[in-house]
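Have a look at the picture first, then read on.

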Amino acid sequence: MNSDPLLYARCWEDSSVLRRALKIQPGMVVLSIASAGDNSFELLLDNAAKVVCIDRNTAQLALIELKIEAIRHLEAAEVRRLLGLETGSPKERVALYERLQPKLPARCVAHWADNMAQIRDGVANTGKFERYLAAFRRYILPLVQWPSTVRAMCALSDISAQKSLYDSKWNSWRWRTVFRLFFSRRVMEKRGRQKEFFDHVTEERVADVFMGRAEKALTQIPVADNPYLRWILDQANLVPDYLSDEHMPLIRERLDRIEILEADLVDHLAHCKANLY
């Protein structure tokens, strides 16, 4: 079976910011880019009447279908272990998947049959972007930072202490040079993102943009409280709210409100507009 590559196994936007911005009211119908599904599931916490998950990438939709049945039939800790969000063995993850397989749509089963390595490895760690960031953590970061410096940075929640550590030990010429090479447009197009994602990028030096964002994250936002940055630097657990023991029962009750749509976003919006008149 030919299938699309899994580009994102996690959503890298802060869903709490998304939810505050949308201000969803009970009864609303929400259109959400499927991606890894995290943001779409989070929107159910605000009691949307329906969340339409749209994507043209079949691997992203297969991931959402897997998550739906996992949430429906497994305990919260089992879901997290299946996805690789908690410690578990490859054998355990395969066993959990096999419990779900009879419940999954045929297309979804065919997709995972071709990608069982992702199940064994914990699918939340196996998207193209996640593997790119993991390569940075495993192979690039040790070239420019001592492990003790990384541990010290990850433990900080005081901005002045972070900036002091960044200025005194972190921000070396080696760090700046290697970072800019790894997050250059050429390397990202090949290893981290799809090349067409850069079609409308106007910045000449993409690496400088990412360098600025990294510096802001390391000097202006508490690192210890930033799960996204912590995952990149030391693989700290990054578990979305909807998969917590507290929230998953509510998500399970509202799973039928999710509608999966394989379509191009622009085409779908044009179709919706045409049917308004």
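Start with serine 32: its bridge partner in β2 is cysteine 53. That pair belongs to a model that is predicted, so everything below is computed from its atoms.

Strand β1 covers residues 29–33 and runs parallel to β2, with five bridges joining the two. On to isoleucine 54, whose bridge partner in β3 is leucine 261. Strand β3 takes in residues 258–262, and its pairing with β2 is parallel as well, again over five bridges. Here are the two pairings side by side:

| Strand pair | Bridges | Direction |
|---|---|---|
| β1 (residues 29–33) and β2 | five bridges | parallel |
| β2 and β3 (residues 258–262) | five bridges | parallel |

How buried is β2? Of its six residues (50–55), five are buried, so the rest of the structure largely encloses this strand. Buried here means under 20% relative accessible area. There is a helix in the story too: α2, residues 38–43, makes a right-handed β-α-β unit together with β1 and β2.

Now zoom out. The protein has 16 helices and three strands. Its C-alpha atoms fill a box of roughly 55 × 50 × 40 Å along the principal axes. For 277 residues, a compact globule would have a radius of gyration near 19 Å, and the protein's 20 Å agrees with that.

As for the inside, 47% of the 277 residues are buried. Take the contacts between residues at least 6 apart in sequence: 72% of them join residues at least 24 apart.

Methods:
Residues are numbered from 1 along each chain as its sequence is written. This is a predicted model: local features need pLDDT of at least 70, side-chain atom pairs count only at pLDDT 80 or more; totals for chains, interfaces and linings use all residues. Side-chain values use heavy atoms; hydrogens and water are left out. Buried means under 20% relative accessible area, exposed over 50%, partly exposed in between (1.4 Å probe, protein chains only). Helices (H or I, at least four residues) and strands (E, at least two) are DSSP runs, numbered from the N terminus. Two strands pair if DSSP finds at least two bridges between them. A crossover is right-handed if, with the strands pointing away from the viewer, the path from the first strand over the helix to the second runs clockwise. The radius of gyration is taken over C-alpha atoms; the globule rule is 2.2 Å times the number of residues to the power 0.38. Contact means heavy atoms within 4.5 Å.
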